[in-house]
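Please look at the sequence and the model below.

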Amino acid sequence: MHEFLARVWRGLVAHVDAPLLLITLTLMAVGLTTVYSATYDANSHLLAQMLNMAIGLCAMWTVAQVPPQKLMRFGVPLYLVGVVLLILVFFFGIKVNGARRWLSLGFTRIQPSEVLKIAVPLMLAWYFHKNEAVLKFRHYVVASLLLLVPFALIAKQPDLGTAILVGAAGFYVIFFAGLPWRVIGGLLAIASAATPFAWGMLHDYQRKRILTLVDPTTDPLGSGYHIIQSTIAIGSGGKVGKGWLAGTQTHLEFIPERHTDFILAVFSEERGLLGNGILLLLYLLMIGRGLMIAARASTLFGRVMAGSVTLSLFTYVFVNMGMVSGILPVVGVPLPFMSYGGTALVTLSVGIGILMSINTHRMLVRS
Amino acid sequence: MLARQSSLHASDRELARFHFRVVLAAVAVLAALSLLGARFFYLQVVQHDYYSTRAEDNRISVVPIVPNRGVIVDRAGIVLARNYSAFTLEITPSKVDDLEATIDGLGKLIEIEAKDRRRFRKLLDEGKTFESLPIRTRLTEEEVARFAANRYLFPGVEVKARLFRQYPLGSTASHAIGYINRINKRDLEKIAESEEAANYKGTDHIGKTGLEQKYEFALHGETGYEQVEIDAGGRAIRSLSRTPPVQGSHLTLTLDVKLQEVAEEAFGDRRGALVAIEPSTGGILALVSSPTFDPNLFIDGIRNEDWDVLNKSRDRPMLNRALNGTYPPGSTFKPFMALAGLETGRRTAGQSISDPGFFNFGGHHFRDDKVGGHGTVDMYKSIVQSCDTYYYQLATDMGIDAIAGFMGQLGFGQRTGVDIEGESEGVLPSPEWKKRRFRRPEQQKWYAGETVSIGIGQGYNSYTPIQLAQATATVANKGVMFRPHLVKYITDSRTGEKTMIEPEPLRRLPWKPQHVETIKNAMIGVNTQGTGARAFAGAGYTSGGKTGTAQVYSLKGSTYKESAIRKELRDHALFIAFAPADEPKIALAVIVENGGFGAQSAAPIARMVIDYYLLGKLPKGAAAEDDVKED
């Protein structure tokens with residue numbers, strides 16, 4: 001009996017990476033307390049977020065059980081389904097607040113762009129893996145086109161936050177797959193030259209967000225309000241914070257979106273620089289572990305996929321923290337494992353699951 | 001095993017490149033997270049104080065608590081101005097995105113008239129967007145409940161309990177009490193000059209006229225402050241600290257409002273003024289300017305219709321005739337002239353003249369009112385019968401400088417310093433005055449002929465009723481002169497301490513007692529056997545008086561026929577009086593515009609006021625007018 005239980009336990013933990021799990025759980029715990037603080041005044045989101053986390057952990061564990069060779073096979077269908085859905089969104093999507101991001105299924109509605117955060121790197125990693133032996137310049141071109149299609153569709157919705165994350169995830173794959181430096185240099189040059197044109201293509205509200213970043217006071221009651229209030233929250237937190245549940249900016253509702261995208265402002269106000277330092281450290285450890293897994297991965301797919309997932313996670317963290325602390329424009333990117341919301345939580349958990357899968361199936365490949 | 005080996009062989013270089021890129025990524029991540037860390041350090045350590053202050057500013061709002069305005073009561077404690085609490089609907093414009101939509105929305109719940117919107121606009125234009133501004137005042141309980149149920153729909157809109165000023169006696173004594181109204185730009189400057197700006201945060205009304213204006217800073221009180229924690233929607237969450245306001249001081253007046261009512265009623269719908277003074281203190285017992293107005297109309301900004309009625313009325317109810325109406329004193333000037341004659345040594349009481357009915361000066365005939373003259377006239381008779389010729393002569397003998405000198409001492413042609421602002425000076429004619437008044441040299445010269453009619457209170461003579469009352473009181477008080485004033489004492493609402501106003505004599509005129517007695521006796525004679533006898537018949541006290549008629553319309557030689565002249569051009573009727581004669585408790589001056597003879601319309605008013613004041617009742621069959629021929 002004891003033997004049986006031990007085997008079940010071994011089976012359960014066989015593909016779980018302990019450091020990643022530990023860091024994830026710690027972040028989730030911190031996230032839960034912060035979500036509670038941000039929402040308990042009116043309508044506590046604590047239970048709902050716990051449920052989201054449970055689903056996320058299940059997804060993480062499940063994905064971790066799937067060997068990378070099998071994960072690869074999901075790349076093409078997921079990608080195709082995702083892009084088709086995006087095209088459907090483009091034509092038939094529901095418009096909310098001027099953005100067409102949702103697709104109605106009658107009984108519920110879905111946001112297909114979320115799928116692409118996993119599908120695009122999966123697809124590209126599979127593509128490079130398949131062509132590993134014969135990798136030519138044209139493969140990078142094809143990969144870029146494969147990336148560009150969903151990126152453009154998402155940016156057009158418009159959903160700058162998701163577009164950045166999808167684009168970044170895809171780019172990281174191509175980068176780790178060995179995109180030549182001269183191409184990177186060339187892209188950078190083109191990008192900087194195209195900036196003025198890109199500016200012209202941005203929506204008014206997007207431009208406004210960037211402008212208010214330069215000087216938030218130009219529009220204190222409009223789009224500058226988010227940045228002003230969140231920086232006040234962070235700054236007034238000081239070294240050790242005002243204490244849990246004691247943030248005035250939070251509880252007097254000065255911080256907008258305080259349980260979702262701006263949860264860092266809540267955390268910073270109540271936990272101070274000390275809390276932020278610990279949070280940064282947790283993310284650093286998570287990213288470090290991810291890069292370590294990437295470095296040790298046994299296949300090209302494993303390497304580039306792990307690298308992309310890890311840097312995507314970093315992108316989430318950097319873009320979110322940057323915007324909340326006022327050094328990046330406001331785009332809708334949640335803070336991993338902290339922000340309230342099931343969708344991002346599941347996506348990120350799947351990402352961690354993929355890392356675990358890549359790490360724990362190394363040995364099997366060898367044997 | 002095979003797969004791994006082949007991949008190792010195949011892509012050693014690739015792997016190295018990958019590892020290099022991973023290290024590069026790690027460095028980039030480290031740099032980026034360090035940048036975030038530095039940003040946090042900057043915000044949370046370097047700029048911490050600044051952001052702490054910002055957060056406190058965000059959450060703490062200092063709300064001024066407006067003190068209750070002091071109450072005004074008459075000498076008997078009857079309330080003339082008080083406060084009552086009512087609900088107002090207020091909007092803080094800075095917290096509302098779309099004002100018009102909000103007001104329209106409110107209009108569906110609570111009636112908001114066009115004038116409410118206009119007033120709101122006006123306040124908005126004054127730039128008070130961060131204060132809460134009333135859109136509707138005096139909500140009913142039902143309206144308050146209706147708004148409360150829908151409050152969540154209107155962020156930045158609140159119902160507040162505010163105190164409103166009320167004048168319970170309405171138009172009674174309104175020229176003395178004055179009124180309050182919303183603070184305008186000019187008031188703000190005045191407040192700033194007086195360095196009261198901090199104390200007026202939150203105050204939106206200020207005294208505009210009368211005592212409300214003069215004693216504004218005493219009545220206002222000290223503003224209290226409350227520190228309130230507010231949320232992002234501007235809603236108050238809790239109070240952090242509170243400094244209570246101190247109510248304004250209360251004013252107790254010398255005014256007897258019952259007497260005031262009697263006097264106002266005595267005027268009826270006639271235009272005119274009355275000032276009654278307590279001679280021994282200068283305290284004003286009644287200050288009437290008729291017609292009057294309801295000061296309650298002004299408190300929240302007068303409605304255009306009401307303003308038009310007041311402003312366009314030919315009777316000019318807003319004019320405070322007691323202080324700003326200037327009239328020739330007519331024959332009421334004679335007792336003062338007689339006293340001047342005695343004091344300057346130009347006349348003795350017994351010296352007589354012969355009155356042929358006119359006075360010849362430089363070939364010009366100055367008419368006496370009585371055809372054929374008064375015969376032999378001494379000083380007593382000149383006052384009792386109001387002989388003009390006597391005073392033509394006296395004025396000529398004295399000369400303008402001596403007259404002006406003496407009358408100036410009595411306060412004629414000078415502001416009395418009564419505690420209401422904007423008092424008129426009047427005109428005390430003199431060569432110096434002419435020089436100041438006129439520009440052309442031939443106009444600036446004083447002609448001796450002009451002195452003649454000065455003697456009977458005509459010519460350039462022009463005084464306010466309060467000056468006339470003050471001079472009468474001074475004679476009644478044997479030369480001890482007081483500043484007329486309305487406030488008896490000011491009571492500190494916190495300590496209950498009373499600050500008395502006066503009585504400190506303005507000056508003591510060094511008149512010979514027998515001279516004053518002569519004049520007072522003659523004035524008693526007026527009320528017993530002279531022009532005032534009819535009006536004071538059967539009075540239960542002895543009184544002194546003098547009638548007067550001031551020409552509005554020059555007769556140019558023709559005979560005066562009242563009925564033939566338009567009412568506006570009829571003479572003004574005047575009367576001055578004091579009583580009781582030996583120890584005067586009241587001295588007054590009455591003017592009834594276009595009232596005709598003084599004895600006819602002004603004296604009966606004086607009789608009613610004095611009777612009421614001394615006896616507590618009105619004279620029997622008190623007739624407003626009768627048909628005494630006099631003057």
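Predicted model: local features only at pLDDT ≥ 70, side-chain atom pairs only at ≥ 80, totals over all residues.

Residues are numbered from 1 along each chain as its sequence is written, while chains are lettered from A and ligands numbered from 1 in the order in which they are written.

Nine of the 10 residues of α14(B) are buried, so this helix is largely enclosed by the rest of the structure. Buried means that 20 or more other C-beta atoms, placed from the backbone, lie within 10 Å of a residue's own. Among the buried residues are B:F336, B:L339 and B:L342. Their cover includes α16, α17 and β21 of chain B. Helices here are DSSP runs (H or I, at least four residues), and strands are E runs of at least two.

α14(B) packs on α16(B), as the table shows.

| Helix | Residues | Contact residues |
|---|---|---|
| α14(B) | 334-343 | B:K334, B:M337, B:A340, B:G341 |
| α16(B) | 388-398 | B:Y391, B:L394, B:A395, B:M398 |

Contact means C-beta atoms, placed from the backbone, within 7 Å. These contact residues divide into six nonpolar, one polar and one charged. Nonpolar covers Ala, Val, Leu, Ile, Met, Phe, Trp, Tyr, Cys and Pro; charged covers Asp, Glu, Lys and Arg; the others, Gly among them, are polar.

Turn to the chains. In chain B, 37 residues are in contact with 41 residues of chain A. The largest share of chain B's side, 19 residues, comes from α2(B). By class, that side has 20 nonpolar, nine polar and eight charged residues.

Note on methods:
Axes fitted to C-alpha atoms, helices over the stretch in contact; angles between N-to-C directions. Contact = placed C-beta atoms within 7 Å. Buried ≥ 20, exposed ≤ 12 C-beta atoms within 10 Å, placed from the backbone.
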